[in-house]
Amino acid sequence: MNKLSLYLGCITPNRYPGIEKATKLCLDRLEIDYADLPGASCCPAPGVFRSFDKATWLLLASRNIVLSEEMERDVLTICNGCYGSLVDANNELKDDLALKKSTNTHLEKIGKAFKGTVAVRHIIELLYDEPGPEKIKEMVTSPLDIRVALHYGCHLVKPSKERNLGSTEDPRFFDELVEATGAESVNYPDKMACCGAGGGVRSALLDKSLEMLEHKLSRIRDADVDCIVNACPFCHLQFDGGQIEIKEKRGIEYNIPVLHYSQLLGLAFGYLPEELGIDLNLVTNEEFLLKLKGDR
Amino acid sequence: MNQSNKSNKSNISDALKDAGLPILTCLQCGTCSGSCPSGRYTGMITRKLVREARVSTDVLHDPDLWMCTTCYTCQERCPREIKITDAILAIRTIAVHEGIMLPEHRRVSQLVLEHGHAVPINDLVKEKRERLGMEALPETVHKYPDALLDVQTLLESCGFDKLAAIAQE
Ligand code: SF4
Ligand code: SF4
């Protein structure tokens with residue numbers, strides 16, 4: 001495996017630091033060679049910036065990639081949105097010489113140049129490749145006895161022509177990683193449906209966004225699970241913060257705990273919920289925390 | 001926005017074709033609308049958006065344009081392999097360059113111009129970070145003022161500061 005730089009994005013470090021901590025603990029445990037990526041910015045958010053002005057989107061994305069090129073490390077993302085932005089920008093700049101040239105005229109002003117020497121990875125496809133679910137299962141020290149509603153999130157697998165991760169209607173790779181922790185990945189209707197946050201919809205049209213979320217939450221509640229697992233801090237924010245917003249606006253309480261995969265894996269590696277920031281979510285579910293304690 | 005600018009963009013379909021996103025082969029079969037998570041709740045009709053884009057610039061003012069979560073389900077399922085989601089993003093770009101931007105999106109743009117983050121840190125999260133034994137500021141532009149200056153130089157260099165300001169009118 002190539003060496004990696006850990007690209008944080010915005011929501012992980014600035015809203016859910018537990019995901020950052022859990023990711024680092026897991027990477028250390030897995031003996032994956034990674035380093036911080038000092039000075040990185042917003043990816044920038046694909047749903048909004050990419051639609052405002054493509055040149056701006058490419059330019060900010062390219063700067064983040066160049067920082068990693070300078071360290072001779074592949075970029076590791078822990079967010080579907082960051083992954084979508086950075087992997088697409090990286091591919092476009094590698095494939096289109098004119099685009100690379102025009103981007104570099106701007107980058108020159110800060111003494112940088114895009115070369116196209118590194119890859120962009122998402123932690124889920126990376127872990128599936130190496131060490132892989134079998135190996136991870138062997139390394140788990142505290143197998144989890146819980147039922148999980150897995151949410152892939154759209155931009156991990158789509159657009160499929162760009163991602164190349166197989167089926168977008170019924171993928172399995174992420175489920176295998178969840179099951180490597182001992183947890184059961186429970187099937188539920190509309191599992192592949194969008195959480196409703198992307199494309200600037202959550203920021204500008206919150207009520208519409210929450211209606212899409214509630215549809216998913218009701219399906220998940222019916223599946224009788226212990227928690228939701230995602231691989232995207234923006235979906236995480238939508239599921240966690242959105243439950244509070246739905247409670248305030250409509251008086252409906254779901255109270256389903258939300259975990260990023262790094263937090264789930266951290267639990268299976270024996271770390272406590274508070275070491276992984278699981279207790280710092282907005283949804284607080286004592287029953288779940290007690291169940292986790294009972295598990296170890 | 002001046003007249004010449006406007007007439008250049010009067011044909012959305014041609015602009016999309018130039019961007020490698022042709023939409024004229026649309027059958028109006030409705031697979032896209034049937035797949036749309038937003039359509040279920042917002043009344044957004046993807047098929048209608050595609051039809052509108054073929055015939056007029058009204059699509060630039062259609063509120064549905066901003067209801068797409070970019071989930072890519074329609075694009076995956078379209079029998080004509082029309083890059084619907086990419087086309088919606090490209091139509092949004094034309095709209096933004098015509099000065100049409102939702103106020104909340106303008107605010108997010110200002111956050112990136114000011115902080116280099118669309119979601120900047122706050123005191124509550126700094127506390128949470130410290131409780132986890134982490135530094136209050138992450139290893140991003142938040143911690144490195146020179147890096148933030150670089151980001152601002154780039155945003156100015158490509159005219160994004162002006163674009164976000166024009167849209168303010
Ligand atoms: S799915 Fe494709 S062909 Fe069918 S209506 Fe939508 S854009 Fe047109
Ligand atoms: S990409 Fe947009 S228009 Fe297409 S199905 Fe998803 S939300 Fe609907």
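A quick note on conventions: residues are numbered from 1 along each chain as its sequence is written, while chains are lettered from A and ligands numbered from 1 in the order in which they are written. Local features need pLDDT of at least 70, side-chain atom pairs count only at pLDDT 80 or more, totals for chains, interfaces and linings use all residues, and side-chain values use heavy atoms, with hydrogens and water left out.

**Figure 1. Chain A against chain B.** Here 61 residues of chain A are in contact with 58 residues of chain B. The area buried between the chains is about 5,200 Å², with 64% of it from carbon and sulfur atoms. Asn14(A), Phe52(A) and Leu280(A) supply 13% of the area that chain A buries against chain B, more than any other three residues. For the complex, the predictor gives an ipTM of 0.93 and a pTM of 0.94.

**Figure 2. Strand E5 of chain A and its partners.** Strand E5(A) (residues 147-150) runs parallel to strand E6(A) (residues 184-185), joined by 2 bridges; DSSP has to find at least two bridges for strands to pair. Arg147(A) stands opposite Glu184(A) in E6(A). Strand E7(A) (residues 227-230) also runs parallel to E5(A), with 3 bridges between them, and Val148(A) has Cys227(A) as its bridge partner there. Strands (E, at least two residues) and helices (H or I, at least four) are DSSP runs, numbered from the N terminus.

Figure 3. Asn64(A) lies in helix H4(A) (residues 54-70) and is buried, with a relative accessible area of 1%. Buried means under 20% relative accessible area, exposed over 50%, and partly exposed in between (1.4 Å probe, protein chains only). Among the residues that Asn64(A) touches, not counting those up to four places away in sequence, are Tyr7(A), Cys42(A), Cys43(A) and Leu86(A). Over in helix H6(A) (residues 97-107), Thr103(A), Asn104(A) and Leu107(A) are buried. They cover an arc of only 100 degrees around the axis, which puts them on the same side of H6(A); the arc is that of the directions from the helix axis to the C-beta atoms. The cover over these buried residues includes H4(A), helix H5(A) (80-95) and helix H10(B) (145-157). Ala98(A) and Lys101(A) are exposed, on the face turned away from the buried side of H6(A).

**Figure 4. Confidence along chain B.** Chain B averages a pLDDT of 87, and 90% of its residues score at least 70; pLDDT is the predictor's confidence in each residue, from 0 to 100. Over residues 1-9 of chain B the pLDDT is below 50, and this stretch has 7 contacts in the model beyond near neighbours in sequence. Where pLDDT is low, the predicted coordinates should not be read in detail.

Key:
Contact = heavy atoms within 4.5 Å. Buried area = accessible area lost by both parts, 1.4 Å probe.
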